[in-house]
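Here are a few exercises to work through with the model open beside you. Try each one before reading its solution.

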Amino acid sequence: MEKALASASLPFKLLLSCPSGLSPPQVSVAFDVAYDRILHQDIELENSISEIWDQKVQDNKSLYNGTKFRYGGHNLLCGDGSNQDSHVCLHLGLTDYRTFMGTNLNPQWEKFLVPSEDDSIRCQHTSSPLGNGAIVETSDRKIIVLQRSTNVGEFPGHYVFPGGHPEPQEIGITSHHYGKDLTGSELINKKVSQEMFDSIIREVVEEIGVPVSTLCNTVFIGISRRELNVRPTAFFSIKCSLESKEIQQLYLSAQDGYESTQLYAVSLSELENMTSKMPGCHQGGFALYKLMVESLKNT
């Protein structure tokens, strides 16, 4: 596993690469207020967060300020080098959509950054909600790609992998003051860790329409961060037992099909030609997948 792979010419940075793929027992979470966003000392910059949100709500009354998990870094343990001993602990706090709009998507977003080689310090003033994405491989060895609708908030018309966000509210978390059903930090951390895997399965089912029973071998392959707006996304590799033609039919009645206009089932080489029209974090997701493919060739 490798950390922080980047190049000045790339639209993404690989914050964490796990080319062998990590199963749920190999991925843990430290969920703590210590990984929440730190306020910026520039009061005017801080005030711009609410100003931007108020304007957005005025323009679109349906906007909802949902709670999200904030990416605050990770610890990596490689053991003796074997994949079975590899383990990563994700450091997660809480943030929300309002703060994301006002920091990462702020026209002045770069002013929130701190000059540092340490990514958690560099982005300590940004919302940085952790997104997720899945490289879904069909039984006939195609990879699923969606073309985003023209009416979505970010990157309309771009190619993306299925994905979204792990959701705190799915496991009863709305703040750091936990409900009675969440007692003890160990239990909370386990629930959040499980949500990392449950959420990506949910997103795939909702966005492409396949049954849960057709998805298997879900492994975590790393975290990519888009250089534009410094947005982090966790990526997973998932196998689907259906052929691409079957998935094309199921997509027509997918629950969240409105978020995209078309589903493509493509080869690795075809996907390579589509990446220039992907958001940076998804280009990074493809880079993580290629590292996994190369790793499998060498085993």
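**Exercise 1. Find out how strand E2 and E10 pair, and over how many bridges.**

Solution. Start with strand E2 (residues 12-22): E2 and E10 pair in the antiparallel sense over six bridges. Strands here are DSSP runs (E, at least two residues), as helices are (H or I, at least four), numbered from the N terminus; two strands pair if DSSP finds at least two bridges between them. For a landmark, look at Phe12, which stands opposite Arg226 in E10.

Before going on, a word on the ground rules. This is a predicted model, where local features need pLDDT of at least 70 and side-chain atom pairs count only at pLDDT 80 or more, while totals for chains, interfaces and linings use all residues. Residues are numbered from 1 along each chain as its sequence is written, and side-chain values use heavy atoms, with hydrogens and water left out.

**Exercise 2. Is Thr233 buried or exposed, and what does Thr233 touch?**

Solution. First place Thr233: it sits in strand E11 (residues 231-240). Its relative accessible area is 4%, so Thr233 is buried. Then list its contacts (heavy atoms within 4.5 Å): skipping residues up to four places away in sequence, Thr233 touches Leu130, Gly131, Asn132, Gly133, Gly222, Ile223, Ser224 and Cys281.

**Exercise 3. Which residues of the largest nonpolar core touch the most other members?**

Solution. A nonpolar core is a set of buried Ala, Val, Leu, Ile, Met, Phe, Trp, Tyr and Cys residues joined through side-chain atoms within 4.5 Å. The largest one has 42 residues, and Phe31, Leu90, Leu92, Val192, Met196 and Phe220 touch the most other members. Helix H4 (residues 185-208) supplies the largest share, eight residues. There's also a second, separate core of 20 residues, including Val219, Ile221, Met278 and Phe286.

**Exercise 4. Why is strand E7 largely enclosed, and which strand does E7 join by six bridges?**

Solution. Five of the six residues of E7 (residues 143-148) are buried, so the rest of the structure largely encloses this strand. Six bridges join E7 to strand E12 (residues 260-266), running antiparallel, and Ile144 stands opposite Ala265 there.

Technical notes
Buried < 20%, exposed > 50% of the residue type's maximum accessible area, 1.4 Å probe, protein only.
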